[in-house]
Each structure stands twice: as C-alpha cells, then as structure tokens.
Amino acid sequence: MVTMELFSLTIFITISLFTIVIILYIFRTTNKTRMPPGSTGFPVIGETFQLISAYKTENPEPFIDTRVLKYGSVFTTHVFGERTVFSADAETNRFILQNEGRLFESSYPGSIANLVGKHSLLLMRGSLHRRMHSLTMSFANSTIIKDHLLVDIDRLVRLNLDSWNGRILLMEEAKKITFELTLKQLLSIDPCEWSENLRKEYMLVIEGFFCIPLPFFSFTYRRAIQARKRVTEALHLVLRERRVERERGVKKKDMLAALLDSDGGDVKFHDDEIVDFLVSLLVAGYDTTSTTMTLAVKFLTDTPSALAQLKEEHDTIRAKKGTTVALEWDDYKSMPFTQCVVNETLRLSNIISGVFRRAITDVKIKDYTIPKGSKVFTSLRAVHLGQHNFEHARVFHPWRWQKTSESMDFMPFGGGPRRCPGYELARVELSLFLHHFVTRFSWKPAEEDKLVFFPTTRTQKRYPIIVEQRNVV
Ligand code: HEM
C-alpha cells in the first residue's frame, strides 16, 4: 500500500515538474519571439567588434544590410555591453523619437553623460527639458538668425578664410570656424587667445566621449575629465563677470543673456546648471557642423558637375553684391542648389548616425514587444542609405532634392521633442561657409583621404587640401 502511494506521489511530482518546465519553455520562447529577431553574438561582447570593425571602414553598410536581409528592418543585436533593438525602419524611428518621455527616453553612454554634465540639455527630462529645449530653439530660430546671428556668421567665416593659403587641413579649419561661431552666439566672445585655448581644452573633452568611463583604466578619459574641469572653470568666470555687468545695466543679446533673463521666472538657475547647459551647447554644434562643412567640400570635389552648379549660384550672388559686401538673409534665401547640396551631404554622411533611447515601459512595435528597460538604437543612417527610401541611395546626387525638397524619411536632425534645436542655424552656417569658400578659392586634395565612421563620422586625415585664391571675385 505504502509502495503504491509512493509510486503515485513520484508520478505526480514528475508530471508537475514536467508541466512547469513546459510552461516555462513556452513562456520563454513566446517571449523571445515577441522581441525583434536577431543575434546577440558572443557572451558579454555581443556583436560589438563586428560593428566597430565595419564602422572603421569606408563602407560600414554590410553590418546593417546583412541583418536587415536576415531579420527585417527592426532587429535585435548586442552592442557596447547591452542587448539593443536596432531600427533601420523610417516609420519605427519616427514612432520612437515622437514618443520621447512617454514610451522612451534618451540614453547616452556614461562617458558622454559625465563629460557634458548632469544639467545639460542632453540629459534633462520632463517639463524642464521641454522648457529648456524651447528656450534653445528661441535663441536659434530664423528671426534671431536673420536679425542678430547672420552678420557675425558672415564676418567670422570671412575672417577665418582670410588666412587660408596653400595646404590646410579643412576639418581642423572648419572646427575653428564653428567653435568661434558658437562662442560668439552663446557668450558674445570674439576669437582671441582665450577662445583658442578653450577650444583646445574642448577637443580633449570630446576625445573622452568614446572611452570606457573609468579614469583609472583610460588615460584619454582621465585627460578629458581634467580638461572639462578647466572648461567649466573658464565658463564660471565668464558667468560671474556677466552677472556683475548685468548689475551695472550692460545688456547683451546671446544665449547666456536668455538664460539669465529666464532666471527671474519660476525656475532659478544655479551657476553649475548654466555652465553645464553651455558646455553641452558648445559640444552639440561644434563637431557636427564642422564635419558637415568638410564633407560637403569633399563630396563636391568628387562630383565636379555639382561643384560647377554650386559655384555658378554663388558667383551670381557675389556678382550682384560686389567683392566685400556681407551676405544678408535674402541672399541666404536665394541659394536653392546650396540647400540641395546641404541636404544631400547630411543624408549621405549622417554625422549623427543614429540616437540611443531606452524603453520606459513595454512597447509594442510592429509584431514585437520591446521590453521595458531595453536599449533601442534608431539608425538615421540606415534609413538615409536604404535603397527603397532613396533612389541610388549611396551616391551623392544633390539634384534629387530639386524634385522633392521634403521627405518623411529624411531626419538628419532627429525628431520629436529632442529634435535638434540648432537645425536652422547649422543650415545657415553651412550655406554661408560654402558661399565664401567657393567664391574665394579653387582647391584640390593634397593627398588621398577617406571617410570613416567610428567613433564618429570624419575623414581619416582631416581632409588635407591645397587652396588657391580665385581671381573672379
Ligand atoms: C549639421 C549639424 C547638426 C546635426 C547633423 C545635428 C544633429 C542633431 C541630432 C540628430 C539631434 C538629436 C539627438 C537626439 O534625438 O537624442 C541633435 C540634438 C541637439 N542638437 Fe544638433 N545637430 C547639428 C547642429 C547643431 C547646432 C549648430 C546646435 C547649436 C545650437 C545644436 C544643438 C543641439 C542640441 C542642444 C541638441 C540636444 C537636444 C535635446 O536633447 O533636447 N545642433 N542634433
């Protein structure tokens, strides 16, 4: 009798365990199939090395292309220490970016977050982010550019070009221009020894963005932290001087003034907050715009028919104005082909190849569920270079923008509540730079150079060219 009972109990336990295992298996597999398909590669490192080695070449596309072909335009991978949902789909990207704060939130690597500072716009959330984003937009909108910023953009671009002769590294020169422009727009400071020293510190800060954020292990990161300290000290000093000036009734029209003006409102900013905010604005506008300037020139050099058409547009404007007269808003508005070149450069080079987000709740996308806490990468690059989104997508063809000036698939400045507040400013800076560059110089590459995409988009040798004054203007 006892043996019988023992036997039944054993059978019961075995069946129960078997049922639990089956339920767990079904739960795990259904849960798995609800995540976008993909491969998470090797333990811990995932597919990070495949991604980095692809992006270090001139043609990183196969990394995405092969996965899109195998799994579809939304797939799962494992990069930089985390399982990541990768979207190469325009509609999904728009959905993710539009739902910032509701379903997703921005997510920067630790190194960038530490170096831009916790009060930077990039890291702000919720109502404070909305308020500060719109404050930034209001400082860089078309009316402000037209009435205040344009004159300095024109002046500072020319000033820089005055010293160009013979062999130059275009990327370095362009960086100098955009740093000086940003400093003028934020703080009303004209180029001087102080600003050049600050720029050098800044370059060290930016070099730390793509390091493991552990000072003990990385010399570059340690150096970046120290440089950040010097940058913030310098900006604190400027801020203190400006507060004193304001008390004496001196008014300036720049971003710092806008921040100090909003000081009297419902939120009062601490000096540390203002400085972090300025640090992040300098970061956001400096490298992006200068790299786009350089790559526009590279693409034009490689496409003589586009360069000829661009030159014609700008020579016509210059001929009407005479040699030394500054450009005005109406001139900027009469550069239709330049806008095609700017769009095409942004599309093809994708300075910001995509942005990271984190799901703050379970999110249903297409037939999948992205679990709460998952990292998501919206690849702007994959959409811009997707053959079904743009005809001959991997070729520089500015004329495509003559037919369609707008495209839902074209998002070089992101989208949703975090859309780049400097998008119009960047366009104006690029257009004015191209105007002065093509009307004043002819040039040729000094040596072979090529595009690479890791850690950021740039040319490997900073694009060395030989410039010569043109006689026409
Ligand atoms: C060609 C030049 C530029 C490109 C391609 C570019 C691209 C972008 C992109 C894609 C984002 C979205 C990031 C995200 O969604 O997380 C962004 C954000 C931002 N950009 Fe730009 N940008 C450029 C120039 C500028 C300039 C000149 C400024 C100066 C005002 C600027 C300021 C910012 C700021 C402050 C943010 C953060 C916005 C936020 O998180 O709310 N950018 N930019």
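A residue is called buried under 20% relative accessible area, exposed over 50%, and partly exposed in between, with a 1.4 Å probe and protein chains only. The model is predicted, so local features need pLDDT of at least 70 and side-chain atom pairs count only at pLDDT 80 or more, whereas totals for chains, interfaces and linings use all residues. Residues are numbered from 1 along each chain as its sequence is written, and side-chain values use heavy atoms, with hydrogens and water left out.

**Overall picture**

- The chain contains 18 helices and 12 strands, where helices (H or I, at least four residues) and strands (E, at least two) are DSSP runs numbered from the N terminus.
- The C-alpha trace spans about 110 × 55 × 40 Å along its principal axes, and of the 473 residues in the chain 51% are buried.
- Of the contacts (heavy atoms within 4.5 Å) between residues at least 6 apart in sequence, 72% join residues at least 24 apart.

**Salt bridges between separate elements**

- In total the structure holds 34 salt bridges, each being a side-chain nitrogen of Lys or Arg within 4 Å of a carboxyl oxygen of Asp or Glu.
- One of them joins the side chains of Glu-82 and Arg-358 at 2.7 Å, N to O; because Glu-82 lies in strand β2 (residues 82–87) and Arg-358 in strand β5 (residues 354–359), this pair ties together parts that are 276 residues apart in sequence.
- Glu-82 is partly exposed at 25% relative accessibility, and Arg-358 is partly exposed with a relative accessible area of 24%.
- Another salt bridge pairs Glu-201 with Arg-230 at 2.8 Å, N to O, linking helix α9 (residues 193–207), which holds Glu-201, to helix α10 (residues 219–247), which holds Arg-230, across 29 residues.
- Glu-201 is buried, with a relative accessible area of 18%, while Arg-230 is partly exposed at 37%.

- Lys-229 and Glu-233 form a salt bridge of 3.7 Å, N to O, and both lie in helix α10, 4 residues apart, about one turn of the helix.
- Lys-229 is exposed at 53% relative accessible area, and Glu-233 is partly exposed at 44%.
- Asp-152, Arg-155, Lys-184 and Asp-190 are joined in a network of salt bridges.

**Charge**

- The chain has 63 positive and 54 negative charges, whose mean positions are 3 Å apart; Lys and Arg count as positive and Asp and Glu as negative, without His or the chain ends, and each charge is placed at NZ of Lys, CZ of Arg, CG of Asp or CD of Glu.
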